[in-house]
Amino acid sequence: MNSNQSGTLYVVATPIGNLGDMVPRAVEILQTVKAIACEDTRHSKKLLDHFRIDTPLMAYHDHSDKKSSHKILTQLSAGNDIALISDAGTPLISDPGYRLVLAARQQGINVIPVPGACAAIAALSVAGLPTDRFRFVGFLPAKSTQRKKVLQELAAVPETVVFYEAPHRILDTLKDSVEVFGAEHSGFIARELSKTFETYLHGTLAELVSIVEADSNQQRGEIVLVLAGREETESTVTVDGERVLRLLLAELPTAKAAALTAKITGGDKKQFYQMALALKD
Ligand code: SAM
């Protein structure tokens, strides 16, 4: 609840490549707020120039000195609206902003999102892997030993897993994934989403390794890696009920054979009893 006269902190998504993906409300809000907090003022200046937005920029990082967040919170408390953007996509998603949003919430300041592009969601929407449940992991550790450890933990989860990956590490990560998940496990790579050289690769992990290894272009640009969740392995063994029943009928009375067959196969006792009568005939 916003109990005071403070301004609003708008968390504004910006394009992840194609500037045509900038939503009109984002432009409007960025034009009207008192200041825009961003990761890199020089980087964001280019985006703002493109949309003729001349709102002052201020740098913000979650781990920078407390001064920058204090400045933003003071402005908000004084009744000024502030927008938070990141270099690209949705702030806070593997990007700075969490500490600022938390501090604003703790002070009862309104925090409103202006939704737009997010590389993880865009990749997931075209991966062709289950999307009813997914796990976003962000960036994997750079070192193979730690990376494999995280992958091993993830190999046990049933949901689709989404990672951000650096282009110079994609091949090593894919090879580690083969080791942990198996060569036949399904994966998907979304590279350069919404940009000129956007590429989408879907296949088994072994297939993805050979494509990425053979074509160095696949080791360039920005990448989202999506892995299928743990395959739901069929734990039930298919048992031929009639065969079991015939074998048991040779040794046991009809009712007992039918009951045991039902227990072994998980089938219906009465049906096996009827089947037993028919077999005896
Ligand atoms: N907050 C951003 C978002 O909402 O997508 C993500 C920021 S994170 C620091 C940057 C990473 O996102 C890149 O290294 C890459 O893995 C992924 N990414 C960003 N833009 C992308 C694009 N156009 N195509 C593929 N991956 C992208």
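On helix α4, the face turned away from the buried side carries R105 and Q106, both exposed (over 50% relative accessible area, against under 20% for buried and partly exposed in between; 1.4 Å probe, protein chains only). The helix itself comprises residues 98-106, of which L100, V101, A103 and A104 are buried. These four lie on the same side of α4 because they cover an arc of only 165° around the axis, the arc being that of the directions from the helix axis to the C-beta atoms. Their cover includes β1 (8-12), α3 (66-77), β4 (82-84) and β5 (110-114). Just after α4, G108 adopts a positive phi of about 75°.

The model is predicted, with pLDDT of at least 70 required for local features and 80 or more for side-chain atom pairs, whereas totals for chains, interfaces and linings use all residues. Residues are numbered from 1 along each chain as its sequence is written, and side-chain values use heavy atoms, with hydrogens and water left out.

Overall, the protein contains 11 helices and 10 strands, assigned as DSSP runs (H or I, at least four residues, for helices; E, at least two, for strands) and numbered from the N terminus. The C-alpha trace spans about 90 × 55 × 35 Å along its principal axes. Of the 281 residues, 42% count as buried. Among contacts (heavy atoms within 4.5 Å) with a separation of 6 or more, 68% involve residues 24 or more positions apart.
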